[in-house]
Structure formats: structure tokens, C-alpha cells
Amino acid sequence: MGRPIPRSPHGEPEPTPRQIAMNLMSRKDAIEKEIKEQQTLLDSNNSTMTTELVDNEGFPRGDIDVYTVRHARVRIIELRNDLKAVTDELAIALQDVFNSPEPEPSAAESATNGQEQSEALKEFARVDGVAPGSPANEAVRIPLSFFVALVLNLCIDRGSFEKT
């Protein structure tokens, strides 16, 4: 019969790791969109995150809507913090997606997939060590957010979160 579907206290099925990751991706996209909107407000005022808002005499500049620029800057900072938090959550969610058990295929599918996988997963090289100063050694220093973005782009291009 299989195991029962886990349910939340309200009776709905609990979201799968894939659904959680997709929700986080949509939150990430929404945050990035709002950051662009706030950046547009700064651009329309010929301003950046570091542009001086006062003149040499200490008075607010007349060519900039100081109120709008200050609020846009604050909102961008808040959104950047939110984006970092969502990206960190997304990294964990993607690990859960790829570590979660796969649904059991039917007998016919498993016979054909087993042959394809054994051919596709043949070991072709083994790394015993990495030389200091080599490109492989430098690759270790790449931040996790780069790999998260890379995996997200691959998943978006493929349109799914299937294991490879």
C-alpha cells in the first residue's frame, strides 16, 4: 500500500522538498524584481547607493528627491538581506530535493533505466589529490552562492528538479 502522505495540522498534505524549493525560487524572483524597481527609482534621480545627498554647504541637493532616494536605499538594503536569507534557505532546500528518495519506478521503467544508468555512470577518472595553486585548488574558494545560482540556472533551464 505504501506509506501514508504526511499531513499538516490543517489536513493539507505537507509540501514536498521540490515544492518548497519552487516556492523559495519564486520568493527569490520577487525580491530580485523589487530590488530592480527600487534601483529604477535611484536611477530616475541620477543617484546610486553612495551618491551624496547634500551639497558642499551641507544642504539637501535640489536636483535629487532626497526622500525618495533615502527610502529606496533603505528598501534595497532590506531586500538584499532578505535575498541572502532566501538564497541560504534555497541552498538547503535544493540539498533536500536532491537527497530525498526518488519515487519508485515501475518494473518496465526500472529495467530500461537501470541499463542506461549503468552505461552513463561508469567511472572514468579518479582524483587522488589536488596540486597547490592549480585551477582545482582555486575552485575550492568559490562561494556557495555561486554554486546555488549555477544549480538554479540548470534547474530552470531543464524545467525540473529531477536528479541527474
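Me: What makes up the largest nonpolar core here, and which residues belong to it?

Reply: The largest nonpolar core holds 12 residues: A21, L24, M25, I31, I35, L79, L83, V86, L90, A93, L94 and V97. They are called a core because a core is a set of buried Ala, Val, Leu, Ile, Met, Phe, Trp, Tyr and Cys residues joined through side-chain atoms within 4.5 Å. Buried means under 20% relative accessible area, exposed over 50%, and partly exposed in between (1.4 Å probe, protein chains only). A word on the source: this is a predicted model, where local features need pLDDT of at least 70 and side-chain atom pairs count only at pLDDT 80 or more, while totals for chains, interfaces and linings use all residues. Residues are numbered from 1 along each chain as its sequence is written, and side-chain values use heavy atoms, with hydrogens and water left out.

Me: Which elements give two or more residues to this core?

Reply: Those are α1 (17-44) and α2 (66-99), and α2 gives the most, with seven residues. Helices (H or I, at least four residues) and strands (E, at least two) are DSSP runs, numbered from the N terminus. By that count the protein has five helices and zero strands.

Me: What is L24 in contact with, leaving aside its neighbours within four places in sequence?

Reply: L24 is in contact with V86, E89, L90 and A93, where contact means heavy atoms within 4.5 Å.

Me: What does the second, separate core include?

Reply: That core of seven residues includes L42, V66, V69 and A72.

Me: How much of the protein counts as buried?

Reply: Of its 164 residues, 21% count as buried.
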